[in-house]
Amino acid sequence: MKIVVLIKEVPDTWGERRLDLETGLVDRAGSAPVLDEIDERAVEAALSHADAHPGTEVVVLTMAPASATATVRKALAMGATSAVHIVDDALRGADLLLTADVLAAAIRRTGFDLVVAGNLSTDGGGGVVPAMVAELLGVPQLTALSSLEVTDDAVSGDRVSDAGTMRVSAPLPAVVSVTEALPEGRFTTFKGIMAAKKKSYETLDAGELGVEVEDPAQARYIMLSVAERPPRAAGTTIVDEGDAGEKLAAYLVAEGVA
Ligand SMILES: Cc1cc2nc3c(=O)[nH]c(=O)nc-3n(C[C@H](O)[C@H](O)[C@H](O)COP(=O)(O)OP(=O)(O)OC[C@H]3O[C@@H](n4cnc5c(N)ncnc54)[C@H](O)[C@@H]3O)c2cc1C
């Protein structure tokens, strides 16, 4: 079985995150880059299956700047078998559609039984790349799984919604996206880090995948402008002098809340 895990490098969730106001892209120098936590869980899910099913191949795939190599190597150190890194400056600022085109082309080239992705990245937060990839590959997709079981010919799991929990299943090949309800990624060990240095690490550009970046026939979205979020205004403090309830009610009425 071959499992391809989609991984993305993002700015550290706990660090300061900024947009570059010139380009509208993440200011990658602004905080330490890390493997997105949701994708660590996706890698973990694939590795747990591989642990129990020897012969399972886990390929990690990313489309990211060349500087993301250390992040990809982390997934190899966790235990992934090999990595494919799409590096192409022409892809800088790629929208969701182009990202999905590129990832689907790479997955087709690699071959797959199952693709595992995060359901929503912590920086871009589009939450649609896995669905787009499934559509382009022409395979079923299970979204936002909070548990994952893989057999030789099917994948299934739980999908939690406000209304209840659905048990869903699809025949392989398929694409699934997972939520933070899945277990955290395992720690890397010194042995894992050393072993990662010898693992296959393929780099490709868009041309090698047959993807035309500037294809006018393809729908693309364009960012027209970007602005920093204005600083938050100071809040209103209600001092309790025995009448805080009345003041609070009056405040809520004035704000149109009540
Ligand atoms: C040179 C270069 C510079 C880039 N700069 C930025 C940037 O500044 N900001 C930015 O957000 N993106 C950047 N990207 C990546 C790309 O444009 C985004 O990944 C894409 O728009 C996805 O958006 P999202 O995070 O909202 O997707 P979502 O749909 O929220 O992602 C859901 C899941 O899809 C998978 N996924 C998403 N993107 C990728 C990817 N690129 N590779 C592998 N798996 C993926 C992951 O499993 C993720 O958890 C850059 C790419 C390149 C090549």
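This is a predicted model: local features need pLDDT of at least 70, side-chain atom pairs count only at pLDDT 80 or more; totals for chains, interfaces and linings use all residues.
The crossing of helices H3 and H4 is right-handed, a crossing being right-handed if the near helix is turned clockwise from the far one by less than a right angle, and left-handed if anticlockwise. Residues are numbered from 1 along each chain as its sequence is written, and side-chain values use heavy atoms, with hydrogens and water left out.

**Helix packing**

Two packed helices are described by the angle between their axes and the distance between the axes. Here helices (H or I, at least four residues) and strands (E, at least two) are DSSP runs, numbered from the N terminus. Axes are lines fitted to C-alpha atoms, for helices over the stretch in contact, and angles run from 0 to 180 degrees between N-to-C directions.

The axes of H3 and H4 cross at roughly 50° and come within 9 Å. H3 is therefore oblique to H4; angles under 35 degrees count as roughly parallel, over 145 as roughly antiparallel, 65 to 115 as roughly perpendicular and the rest as oblique. For H1 and H2 (residues 69–78), the axes come within 10 Å, with a crossing of roughly 30°. H1 and H2 are therefore roughly parallel to each other, and their crossing is right-handed.

**The ligand and its shell**

Around the ligand there are 31 residues, of which Lys8, Asp39, Ser121, Gly126 and Gly127 come nearest; a residue is near if one of its heavy atoms lies within 4 Å. At least two residues of this shell come from each of H1 (37–52), S4 (57–63), H3 (96–110), S6 (114–118) and H4 (129–137). By type, the shell holds 18 nonpolar, eight polar and five charged residues.

Polar contacts are pairs of N or O atoms within 3.5 Å; within protein, one must be able to donate a hydrogen and the other to accept it, and residues adjacent in sequence count only if both atoms are side-chain atoms.

| Residue (backbone N or O atom) | Distance to a ligand oxygen atom |
|---|---|
| Ala94 | 3.0 Å |
| Gly126 | 2.6 Å |
| Gly127 | 2.7 Å |

Taken alone, the ligand exposes 900 Å², and the protein buries 95% of that; accessible areas come from the Shrake-Rupley method with a 1.4 Å probe.

**The loop at Ser121**

Ser121, one of the residues nearest the ligand, lies in the loop between S6 and H4. A polar atom of the Ser121 side chain lies 3.2 Å from the backbone nitrogen of Gly124. The Ser121 side chain also reaches the backbone nitrogen of Gly125, at 2.9 Å.

Key: Ala, Val, Leu, Ile, Met, Phe, Trp, Tyr, Cys and Pro count as nonpolar, Asp, Glu, Lys and Arg as charged, and the others, Gly among them, as polar.
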